[in-house]
Amino acid sequence: MENERAIETKDLTVSYGKHRGITDVDLAVESGEVYGFLGPNGAGKTTTMRTLLDLIRPVSGTATIFGLDCQRQGAHAREYVGYMPGDLNMYSQLSGKDYLAMITYLRGNHIDKRYTEMLCQRLDLNVNRRIGEYSTGNRRKLGLVAAFMPQPQLLMLDEPTSGLDPLVQETVLDMVREAVDGGSTVFFSTHVLSEAETICDRVALIREGRVITVESVKSLTAKRLTTLSLELAHAVSAEAIERKGVEVLSIEGNLIRVQITSGLPEFMRQMSLLGIESITTEPVTLESVFLSYYRGEEAPRV
């Protein structure tokens, strides 16, 4: 598997008839990176993952995991994957311990028992209780242990921190970092942009089933997207300020907050005529860039 991309898709398309699917999705996830797949619910993140795992068949296009065709060689490809689904359906009558024993058996018993126990301890998971008695958070923890314990070459995590408290979320991100340090690749979907900004090397933004951009986190947050808070000498209306490339985020009398993707010099000249009492700038975050794309604005320029 040397020199093979962890994941590669070309023109991958899934159709649900009248329902939304994915269209012409192109991804190239390099071995050893943390790759974020970002988008709101219904954008196509889970559909893409399920297609990679051959749980859904595409109507066109191709998908490979470490060079193995996800449809023709799906069983072989899945041997390299630890998967954490967004929707966890487990056998409620089993204990957590029995469930992990089942996963170990299905994995050919090639799992380090001590590593599994360490994961349970870190996530504060009691595996002696029945799954049917678990809270949503504990089910998520069990799913995470099942995904991580084979120490796979590729971790595919669908909203891995959803439903977890902040301390456990941070533990999960530490586990991701450690997995990559150990040679794994991580492909995870999320709508928690702060997580992606903290841990990802690159991100793909998916909107209505189509990937709209793939960039490094550093590149995205370096976009020329400016958020300003201004105090003007007099109250103004939003209509008097908004123009192409300028969006009014809030306005209260003479206090305004705007986001600017283009035309900053012209905007500042206009504001100077109104009398600027004070001005502050806000740092560009992945969230602000992401929301700019999702509002359908012109992509911010480098």
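Visitor: Why is arginine 114 called exposed?

Guide: Arginine 114 has a relative accessibility of 67%, and the word exposed is kept for values over 50%, with buried meaning under 20% and partly exposed in between (1.4 Å probe, protein chains only); arginine 114 therefore counts as exposed. This is a predicted model, in which local features need pLDDT of at least 70 and side-chain atom pairs count only at pLDDT 80 or more, whereas totals for chains, interfaces and linings use all residues. Residues are numbered from 1 along each chain as its sequence is written, and side-chain values use heavy atoms, with hydrogens and water left out.

Visitor: What makes aspartate 112 and arginine 114 a salt bridge?

Guide: Their side chains meet at 3.9 Å, N to O, and the term asks for a side-chain nitrogen of Lys or Arg within 4 Å of a carboxyl oxygen of Asp or Glu, so the pair qualifies. Aspartate 112, with a relative accessible area of 33%, is partly exposed.

Visitor: How many salt bridges does a search of the whole structure find, and which residues are linked in a network of them?

Guide: The search finds 14 salt bridges, and Arg5, Glu8 and Glu30 are linked in a network. Another of these pairs joins arginine 50 to aspartate 87, whose closest N and O atoms are 3.7 Å apart. Arginine 50 lies in helix α1 and aspartate 87 in the loop between β6 (81–84) and α3 (96–106), so this pair ties together parts that are 37 residues apart in sequence. Arginine 50 is partly exposed at 30%, while aspartate 87 is exposed at 55%.

Visitor: Why is threonine 51 called buried, and what does threonine 51 touch?

Guide: Threonine 51 has 0% relative accessibility, which is why it counts as buried. Its place is in helix α1, residues 45–52 (helices, H or I of at least four residues, and strands, E of at least two, are DSSP runs numbered from the N terminus). Not counting residues up to four places away in sequence, threonine 51 touches Leu12, Val14, Ile56, Pro58, Cys70 and Gln71, where contact means heavy atoms within 4.5 Å.

Visitor: What makes a set of residues a nonpolar core, and which residues touch the most other members of the largest one?

Guide: Such a core consists of buried Ala, Val, Leu, Ile, Met, Phe, Trp, Tyr and Cys residues joined through side-chain atoms within 4.5 Å. The largest has 45 residues, of which Leu100, Phe148 and Leu157 touch the most other members, and its largest share, 7 residues, comes from helix α6 (residues 166–181). A second, separate core of 28 residues includes Leu12, Phe37, Leu53 and Leu68.

Visitor: How do you know that strand β8 is mostly covered, and which strands pair with β8?

Guide: In β8 (residues 185–190), 6 of its 6 residues are buried, with Thr185, Phe187 and Ser189 on one side and Val186, Phe188 and Thr190 on the other. Two strands pair if DSSP finds at least two bridges between them; strand β3 (residues 34–38) and β8 pair in the parallel sense over 5 bridges, and strand β7 (residues 154–158) and β8 also pair in the parallel sense over 5 bridges. Phenylalanine 37 stands opposite serine 189 in β8, and leucine 157 has phenylalanine 188 in β8 as its bridge partner.
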